[in-house]
Structures are given as structure tokens and as C-alpha cells.
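This report covers selected local features of one protein model. Please look over the sequence and the structure before reading on.

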Amino acid sequence: MTMTSQQRVLDILVEAVDTLTEDFDLIEFLHRLCARSIELLDVDAVGVMIVDQHGELQLIAASDENTRLLELFALQHEEGPCVRCYRTGQAQLNIDLTSAPATLGFGPFAARARDAGFVSTHALPMKLRQQVVGAVNLFHSRPGRLSESDVQIGQTLADVATISILQQRSIEQSYIEKAQLQAALTSRVTIEQAKGILSERHHLSLDSTFDAMRAYARPRHLRLTELAQQVIDNTFDGDLGDTTTP
């Protein structure tokens, strides 16, 4: 790896530190990663696929529209080096798209890639330990192989992207958990307020009031929070009666 390459990789690592911030733009970072890969590895195009929350592989970034359409084609047909790389967790290197083995191995994808002007391709896994989150696809419009040092640089970039994605997902999950917790706390306050109102109105203990609210809401498929909000808003026109069983 040359000094220039080392510096550019360090620049990308510094950019990746931004993933620790809450306003980090993952899409923008991955598009920058595509540009950096073209610059450092002397390839002509790059695509990045990651798996979504449903376990489905999705295209998230591409260096140009031509590559984006090719990658979407690969996903539609569930074939190609990037798809295979994700499924196996193993790098797919120096694939000659003009050779018979490539045509046999990837079928329509190889033909579509040639039509797009590419003659060779490579795919590097995005994984941390045993967790594979996607793959990076590299394309050459001329015959060429990735050197061992280029493979190392490319894998380093893929690893940086992996860490960024996992960090972003961790932040998003934290937001979800915080939102769920806050919603639960807010709901509990609403229910407690409604319990107080109904307890005074019906001359019931707070426990009996809560039991009555549950007994009223359950058969009507009404959430307790919704019932409580109706009570607070004075729009509840039902009759809890003396129902006190859970």
C-alpha cells in the first residue's frame, strides 16, 4: 500500500468516526465510500448492498446510475458476485465476465454486466466476525485483476462501512427503545390520571377502578391508553358500572 493510499484510508476512517454522532448521514457516507473505492482501487464502478431488518438484501449505494440498474437486476434475479458474496460471507475476486465460467455461474447477470460495459468484477463481504451485513461490488470496464494489496484496501473499506452500518443501527435501535419507553411512561401517566377521575366519579378504589377499566376495554378491543384519554378528554360515554373483575 502506497503512502497516498494509506492516507486516503485514514481519511475514510476519520469520516467513519462521524458514525458516532446522532446526525450521521449513512447514505452520504456510503456514496463517498464508493467514490473512494474507485479512486484507491482503480476500478470503474462500485455498488453497495446491505441486508434490511427483514433479512432481505437491498441496494443502498452505487457510484452511478448504470451500476445502480445493474445491481437492481442482480437483486431481482438473486444472482451475481455481490449476492453470492453476501450469502457465503466470502470474497468473490477477479471474475472475468467474458468467460464461459462466469456466464455459467451468473447467467443473465454476466450478460447484463457486459452490456453495461463491464468485463470483470469483484465482491467483498461486509461482515463483523460472523455477522454479514452486505457486500461491496467492484467493476472494471477493462480486463484487470485486483492485487493482494488492493484486496486488502478494498476489504478495509468494506470493514469500515460495516462498522458504520452497525453503529447506525445501534443508534436507531436506541431511539426505538427510548421512544417505546417514553410512550410507555406517557401511557402510564395518562392511565393513572383516568383512574383518579373514575375512582372519584364511581366511588371505587384505585385498584377496582383499574380492574373495571381493563374489563371494559378488553372486549371492545380498546387500548387502555385510548380509554384513559377519552376519560381525561371527557369524551368517554360508556358505563363501567360496578365491573371489577380483571
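This is a predicted model: local features need pLDDT of at least 70, side-chain atom pairs count only at pLDDT 80 or more; totals for chains, interfaces and linings use all residues.

How do the residues of the lining of the largest pocket divide into nonpolar, polar and charged? The lining has four nonpolar residues, one polar residue and three charged residues.

## The largest pocket

The largest pocket holds about 150 Å³ of space. Its lining consists of Gly-55, Glu-56, Leu-57, Leu-75, Glu-78, Val-83, Tyr-86 and Arg-87. Helix α4, residues 81-88, supplies three residues, the largest share of this lining.

Ser-120 belongs to strand β4. Is Ser-120 buried or exposed? Its relative accessible area is 5%, and because the cut-off for buried is under 20%, Ser-120 counts as buried. Leaving aside residues up to four places away in sequence, Ser-120 is in contact with Ile-95, Leu-97, Leu-138, Phe-139, His-140, Arg-142 and Gly-144.

Thr-121 is also placed in strand β4. With a relative accessible area of 0%, Thr-121 is buried. Two polar contacts involve the side chain of Thr-121. One joins it to the side chain of Asn-137 at 3.2 Å. In the other, a polar atom of the Thr-121 side chain lies 2.8 Å from the backbone oxygen of Leu-138.

Which residues does Thr-121 touch, not counting those up to four places away in sequence? They are Pro-81, Gln-92, Leu-93, Asn-94, Ile-95, Leu-97, Asn-137, Leu-138 and Phe-139.

Arg-129 is not a glycine, yet its phi is positive, at about 55°. Where is Arg-129 found? Its place is the loop between β4 (120-128) and β5 (131-140). Arg-129 has a relative accessible area of 70%; because exposed means over 50%, Arg-129 counts as exposed.

His-203, likewise not a glycine, has a positive phi of about 55°. The loop that holds His-203 runs between α7 (148-202) and α8 (206-217). His-203 is exposed, with a relative accessibility of 71%.

Note on methods: Residues are numbered from 1 along each chain as its sequence is written. Side-chain values use heavy atoms; hydrogens and water are left out. Helices (H or I, at least four residues) and strands (E, at least two) are DSSP runs, numbered from the N terminus. Buried means under 20% relative accessible area, exposed over 50%, partly exposed in between (1.4 Å probe, protein chains only). Contact means heavy atoms within 4.5 Å. On a 1 Å grid over the protein atoms alone, a cavity is a set of points where a 1.4 Å probe fits but cannot get out, and a pocket is an open set with protein on both sides within 12 Å along at least five of seven lines; lining residues have an atom within 4 Å of a point. Grid points are joined across faces, edges and corners, and a volume is the space filled by probe spheres set on the points. Ala, Val, Leu, Ile, Met, Phe, Trp, Tyr, Cys and Pro count as nonpolar, Asp, Glu, Lys and Arg as charged, and the others, Gly among them, as polar. A polar contact is a pair of N or O atoms within 3.5 Å; within protein, one must be able to donate a hydrogen and the other to accept it, and residues adjacent in sequence count only if both atoms are side-chain atoms.
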